[in-house]
Amino acid sequence: VPTFPKHKMRIGILGDIHSNLEALTAVVRAMRAEGVDHWVQVGDIVGYGPDPCQCLDIVRELEATVCMGNHDAAVVRLLETDYFNAYARMAIEWTQTQLRMRDLAYLRNLPVSVIRRDLDYTVVHGSLHMPEQFGYVLTTVEAIESMRHQETLMCFVGHSHVPAIYVMSDDDPSIRAVTPPFELNTRGASRILVNVGSVGQPRDENRDAAYAIWDTDTGELAIRRSPYDIQRVQDKIRAAGLPSVLADRLAIGV
């Protein structure tokens, strides 16, 4: 088994952004203040929200490790939109009219999963079990299925927009789910699966944008929340002619 150098750094993980520039700006500011020096994004940069190009610019500027989300795939026609709800489909079609050629090329070339062995993490939008199917990890059952395919200590996922952490320890093969406030030390774990929640469209009844920070030196992992200007995003969603429900839901975190 090859060994890989362990770098001491603070890794910042961005959940589903969904073209929410105000939320993304707020969490990036908060993460910079906490000394993040390596960035990860779990897919779905676009979809639902009003600022796809600006959000893509920020993610590229961060030089983040990024995987493809289902909305990203649908926008570049790599995924059929039949199983998307009507609101999501309308947002995808609108987003297709907004993106620049470089945005389309960037999204089209995103991998469905990425393994960073040097930093001991994997990133995938849904589950590592058939990642191209964009399956959800919503329970311990699905976490076990995904973790069977996990080759690194950490795996960062998104898709459900609900924060969750699943831990398998060296001395206990069973998986335990970590409950809020989602802070733990990763020492002594053999596998950890983290759903950081969503930057741009939280669905855990908490309207604040979610993000995570993992300190590879201390082992500390935390999912945090940041408030942002929801009213401004709502106004932009309505002004763009996107469905009002996409604006309304932001205020209540569903």
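Which residues form a nonpolar patch on the surface? Tyr87, Met90 and Val245 do so, with about 260 Å² of accessible area together.

## Basis of the model

This is a predicted model, in which local features need pLDDT of at least 70, side-chain atom pairs count only at pLDDT 80 or more, and totals for chains, interfaces and linings use all residues. Residues are numbered from 1 along each chain as its sequence is written, and side-chain values use heavy atoms, with hydrogens and water left out.

## The surface patch

Patches consist of residues with over 30% relative accessible area and no salt bridge; like charges are joined within 9 Å, and nonpolar side chains (Val, Leu, Ile, Met, Phe, Trp, Tyr) within 5 Å. Accessible areas come from the Shrake-Rupley method with a 1.4 Å probe, and for residues only the protein chains shown count as cover.

Met90, one of the patch residues, belongs to helix 4 (residues 86-98). Helices (H or I, at least four residues) and strands (E, at least two) are DSSP runs, numbered from the N terminus. The relative accessible area of Met90 is 42%, so this residue is partly exposed. The classes are buried (under 20% relative accessible area), exposed (over 50%) and partly exposed (in between), with a 1.4 Å probe and protein chains only.

## A buried strand residue

Ala212 is found in strand 11 (residues 209-215). Its relative accessibility is 0%, and Ala212 therefore counts as buried. The C-alpha atoms of Ala212 and Val75 are separated by 26 Å, and the two residues are 137 residues apart along the chain.

## The cavity

A search of the whole structure finds one cavity of 30 Å³ or more. A cavity is a set of points, on a 1 Å grid over the protein atoms alone, where a 1.4 Å probe fits but cannot get out; lining residues have an atom within 4 Å of a point. Grid points are joined across faces, edges and corners, and a volume is the space filled by probe spheres set on the points.

The largest cavity holds about 60 Å³ of space. Its lining includes His18, Tyr48, Pro50, Gln201, Val233 and Leu250. The lining residues divide into six nonpolar, six polar and no charged. Here Ala, Val, Leu, Ile, Met, Phe, Trp, Tyr, Cys and Pro count as nonpolar, Asp, Glu, Lys and Arg as charged, and the others, Gly among them, as polar.

## Salt bridges

Side chains of opposite charge can pair when their charged atoms come close. A salt bridge is a side-chain nitrogen of Lys or Arg within 4 Å of a carboxyl oxygen of Asp or Glu, and by this rule the count comes to 17. Arg10, Glu34, Glu183, Asp215 and Arg224 are linked in a network of such bridges.

Lys236 forms a salt bridge with Asp51, and their closest N and O atoms are 2.5 Å apart. This pair links distant parts of the chain, 185 residues apart: Lys236 is in helix 7 (residues 230-239), and Asp51 is in the loop between strand 2 (38-41) and helix 2 (52-61). Lys236 is partly exposed at 21% relative accessible area, whereas Asp51 is buried at 7%. A salt bridge also joins the side chains of Arg238 and Asp248 (2.6 Å, N to O). Arg238 lies in helix 7 and Asp248 in helix 8 (residues 244-248), so the pair ties together parts that are ten residues apart in sequence.

Conventions
1 Å grid on protein atoms, 1.4 Å probe; cavity = no way out; pocket = protein on both sides within 12 Å on 5 of 7 lines; lining within 4 Å.
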